Amino acid sequence: MKNEVILELKNVTKKIKKKKIIDDLSLSVHAGEIFGFLGPNGAGKTTTIRMITGLIGISKGDIIIHGYSIKNNFTNAVKNIGGIIENPDLYKYLSGYQNLKHYARMMSGITENRIKEVVETIGLTESINNEVRTYSLGMRQRLGLAQALLHQPSLLILDEPTNGLDPEGIHELRDYLKEISHEEGVAILISSHLLSEMQLMCDRIGVLKKGKLVTIQDVHSIINDDQNLQVKINVEPRQTSQAIEFLTNNGFDIISSNNEGTILIKASKKEIPFINQQLAKTDILVYNIGLIEQTLEEQFLKITEG
C-alpha cells in the first residue's frame, strides 16, 4: 500500500565508548518510494544501515521495520529486509540459477515460479544458466538484486550499489530500482556518493552530517527552490548595459554578465514573466530567458558545508 511506513527510525542514538556516532536520528521510508541517504564520509550512514540490518546494536531509541521492532522482535523485523552492501557475494563457479536456488533454500516459501519471476524482472533470463564468473559486473549486480528480492522483502537496502558499474550498468540498475519501487511498492533506502544518479533515482533525500539529520526533502524541492532561482537572460549585446540598469533598478541581484548580452540574475519563478514583459516594454530585445536548474550536488554541498 502506497504511503505505508515500512521503515521508521525513532530517536536512534549509537554510542561507541563515550562518542556519539548517531545522535537522535528519526526518519521514515514509505512503501513505493526510493529514499536517498546522503552525507559526507564519516557522517554515520553505514553505521545507521548496520543498525537497521541488526549487524550492530542500538544504544538508544528503536527501529521499526514493517511494524516489527528490531529490538523486541528481531526475527520478524529482518525477514522484511533485502539488501546489497556494495558488491554482492556470489558463488562464481555456480550458474546464476544455482546461486539463486542455493539462497532460496535458506528462506521458506520461495517457489520455482518466484525464482523465474525475479530473473525475468531483472533481465537475466538469457544468461541465468551461465556460470557467474562469465558475468560482467553489471550482470553480477543484477543477480545480487535478484537474490535480495527473492523472498519479496518490503524494504530493500542498498549501500553504494553502483560501485564499479559502467554508465550503461548504472542506467540499467536505476531503471530496475524505479520499477521495483514504483510498480511493486517496495521501499528502497539507498546510500551513494553518485549524487547525479541519486537526483535521477530518488523520490526523497535525507542528509546526515556528523551523526545528525540535517534535512529531509523531496528531490524536486531540494533542487528547485522557487524563491531563489538563477535566471539566464540573453538580450541584444548592445543593450546589455540598459538591461542591467533596468534589472538593478527593479531590485534584482546581478550574478554575472558579459559583452555578448548574457545576464545571470537571482529571481523567483513568478517574477520571470514580469521581467520578460518589462524588458520588452522598454524596447530591449530579449532572445532567450530561462531557468538554470540547480543540481543535487550543488545543494548537497551547500547543506553540508553550511
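At 40% relative accessibility, Asn11 counts as partly exposed, where buried means under 20% relative accessible area, exposed over 50% and partly exposed in between, with a 1.4 Å probe and protein chains only. The model is a predicted one, in which local features need pLDDT of at least 70 and side-chain atom pairs count only at pLDDT 80 or more, while totals for chains, interfaces and linings use all residues. Residues are numbered from 1 along each chain as its sequence is written, and side-chain values use heavy atoms, with hydrogens and water left out.

Asn11 is found in strand E1. Its phi is positive, about 50°, although Asn11 is not a glycine. Helices (H or I, at least four residues) and strands (E, at least two) are DSSP runs, numbered from the N terminus. Two strands pair if DSSP finds at least two bridges between them. Strand E1 (residues 5-16) is joined by 8 bridges to strand E2 (residues 19-30), and the two run antiparallel. One of the residues involved is Val5, whose bridge partner in E2 is His30. E1 and E2 form a hairpin with 2 residues between them, and Lys17 in the turn has a positive phi of about 60°.

Contact here means heavy atoms within 4.5 Å. Axes are lines fitted to C-alpha atoms, for helices over the stretch in contact, and angles run from 0 to 180 degrees between N-to-C directions.

At the other end of the strand order, strand E4 (residues 60-65) and E5 pair in the antiparallel sense over 2 bridges. Ile65 has Tyr68 as its bridge partner in E5. The loop between E4 and E5 holds His66. Phi of His66 is near 50°, a positive value in a residue other than glycine. His66 is partly exposed, with a relative accessible area of 30%.

A second open sheet has 6 strands in the order E6-E7-E8-E3-E9-E10, and its pairing is mixed. Strand E6 (81-85) and strand E10 (212-218) are its edge strands, each pairing on one side only. Neighbouring strands of this sheet are turned by 15° against each other on average, direction ignored. Within the sheet, strand E3 (residues 34-38) and strand E9 (residues 204-209) run parallel and are joined by 4 bridges. Phe37 stands opposite Gly206 in E9.

Helix H5 (residues 137-149) lies across E6 and strand E7 (155-159), running at about 160° to E6. Helix H11 (residues 296-305) lies across E3, E9 and E10, and runs at about 35° to E9.

H5 also meets helix H3. The axes of H3 and H5 come within 10 Å and cross at roughly 25°. That makes H3 roughly parallel to H5; angles under 35 degrees count as roughly parallel, over 145 as roughly antiparallel, 65 to 115 as roughly perpendicular and the rest as oblique. In this contact, Gly96, Asn99, Leu100 and Tyr103 in H3 meet Leu143, Ala146 and Gln147 in H5. By class, the contact has 4 nonpolar, 3 polar and no charged residues. Ala, Val, Leu, Ile, Met, Phe, Trp, Tyr, Cys and Pro count as nonpolar, Asp, Glu, Lys and Arg as charged, and the others, Gly among them, as polar.

H3 has a further helix contact, with helix H4 (residues 112-121): the axes come within 11 Å and cross at roughly 135°. H3 and H4 are therefore oblique to each other. Tyr97, Leu100, Lys101 and Ala104 of H3 make this contact with Glu112, Ile115 and Val119 of H4. The contact of H3 with H4 has 5 nonpolar, no polar and 2 charged residues.

Ser95 is in the loop between E6 and helix H3 (96-104). Ser95 is buried, with a relative accessible area of 6%. Not counting residues up to four places away in sequence, Ser95 touches Ile128, Asn129, Asn130, Glu131 and Val132.
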